[in-house]
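Reader: I am new to this structure and would like a friendly walk through it. Could you take my questions one at a time?

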Amino acid sequence: LLNVTNVDLGGNAVDATAIEALGDMVLPRLTALKELDLRHNELGPDGAAALRSAVLKCNLRLKALYLNENKLHDGGAREALLLMLGLPGLETIELGSNGLTPQVCPMIAKAVMSQGPRCLQVLSLEFNSFGDEGVAQLMQGITGARVALRELNLSDNCIGDDGVVRGIAPFLASGNQTLRSLDLSVNRIGAQGAKELARVLRTPQCAVEALDVGCNPISEAGGLALAGAAAQRGPLYRLDLTSTEMSMMVMQELMHAVEANPRLLVVHTGNNEDVPDAEHKKLYDMLQELPRDTEPWTPVLPSPSTRRWATLGTVAAVVAGIAVVGGAFFAFQRRAK
């Protein structure tokens with residue numbers, strides 16, 4: 001057991017009693033454990049509390065923890081987040097399908113920030129009930145902070161336009177250069193939210209490479225905005241517009257985007273009744289036949305050190321300018337005397 005790094009107990013009806021036994025008899029021997037999978041079990045709040053106690057007692061250094069579908073609710077999520085605060089090396093945590101509400105979102109933000117800029121990379125919160133208020137609190141809580149998130153899954157959380165405008169878009173525009181994958185599928189985002197996402201995608205501050213807004217009623221206006229953003233050469237290479245009430249006009253703009261932007265590698269457009277199957281195939285064929293750019297994207301923003309030196313250079317230029325003007329003034333004063 002000393003060399004075991006991964007343990008998968010998913011789908012085994014594990015409850016609080018089982019976790020206590022695990023903490024007493026098994027976990028103390030798993031000193032090299034890095035990944036613990038407890039998906040699809042019956043932990044509940046008591047099981048989450050028992051898990052926190054066991055992991056911290058055994059001084060484990062987990063890098064990945066999967067707790068999806070465990071009926072945690074807010075109480076159990078708080079226990080999981082307290083555990084997260086005690087695991088400074090954690091890179092992945094999944095809390096999807098646990099009946100979480102907006103009340104737990106500020107603590108999620110605090111836990112994410114506690115990991116700093118080098119640790120937590122994957123945060124999965126799908127199939128909960130955050131709504132606009134919850135997602136706004138979550139994203140506002142980490143906006144401007146140095147976090148290492150690369151993947152964020154907020155699918156099926158009752159998020160509408162307001163959640164995008166108040167929370168998600170400001171975070172993407174804040175200069176975060178780590179987030180690469182954002183899943184907003186199966187929500188309530190309409191044209192306004194899609195337009196706001198498109199606006200942010202056009203800015204150099206946004207580094208998102210994969211965006212999923214499938215199963216959202218973004219309509220033609222929202223689809224046109226996102227297609228326009230996709231046409232701009234940038235980090236985006238994957239866009240999912242499945243079941244988004246898109247029109248033929250949106251499909252035409254997507255084809256233009258594929259021609260204009262060789263970095264666009266994957267575009268999903270299925271289950272849109274106003275677009276014939278032949279057009280979906282045509283778009284797919286274009287993606288296969290046209291030359292594509294698969295090189296890693298390099299952010300264009302200057303580094304903090306570059307910005308600092310640029311600022312110092314500006315200050316130096318101003319000081320030099322003042323000196324020149326001052327010298328000319330005193331020279332003029334001497335001639336006047």
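Reader: Which residue follows H2, and what is the value of its phi?

Author: Happy to start there, with a word on the source: this is a predicted model, in which local features need pLDDT of at least 70, side-chain atom pairs count only at pLDDT 80 or more, and totals for chains, interfaces and linings use all residues. Residues are numbered from 1 along each chain as its sequence is written, and side-chain values use heavy atoms, with hydrogens and water left out. Helices (H or I, at least four residues) and strands (E, at least two) are DSSP runs, numbered from the N terminus. The residue that follows H2 is asparagine 59, and its phi is positive, near 55 degrees.

Reader: How many helices and strands are there in the protein chain, and what is its average pLDDT?

Author: The protein chain has 11 helices and 10 strands. For pLDDT, the predictor's confidence in each residue from 0 to 100, 88% of the residues score at least 70 and the chain average is 88.

Reader: Where on H2 do its buried residues lie?

Author: Buried means under 20% relative accessible area, exposed over 50%, and partly exposed in between (1.4 Å probe, protein chains only). In H2 the buried residues are Gly44, Gly47, Ala48, Ala50, Leu51, Ala54 and Val55. Seen down the helix axis, they fall within an arc (taken from the directions from the axis to the C-beta atoms) of 165 degrees, so they line one face of H2.

Reader: Which exposed residues are on the face of H2 turned away from its buried side?

Author: The buried side of H2 has cover that includes helix H1 (16-25), strand E2 (35-37), strand E3 (64-66) and helix H3 (73-85). The face turned away from that side carries the exposed residues Asp46 and Lys57.

Reader: Is threonine 31 buried or exposed?

Author: Threonine 31 sits in the loop between H1 and E2. Its C-alpha is 6.4 Å from that of leucine 60, although the two are 29 residues apart in sequence. With a relative accessibility of 56%, threonine 31 counts as exposed.

Reader: What covers the buried residues of H4?

Author: Helix H4 (residues 105-114) has Cys105, Ile108, Ala109, Ala111 and Val112 as buried residues. Around the axis they cover an arc of only 165 degrees, which puts them on the same side of H4. Their cover includes H3, E5 and helix H5 (131-142).

Reader: How far apart are the end C-alpha atoms of H5?

Author: The expected span of a helix is 1.5 Å times one less than its number of residues. For the 12 residues of H5 this should give 16 Å, and in agreement with that, its end C-alpha atoms are 17 Å apart.

Reader: With the side chain of which residue does the side chain of serine 124 make a polar contact?

Author: Serine 124 belongs to strand E5 (residues 122-124), and at 6% relative accessibility it counts as buried. A polar contact is a pair of N or O atoms within 3.5 Å; within protein, one must be able to donate a hydrogen and the other to accept it, and residues adjacent in sequence count only if both atoms are side-chain atoms. At 2.3 Å, the side-chain partner of serine 124 is glutamate 126.

Definitions and conventions: Contact means heavy atoms within 4.5 Å.
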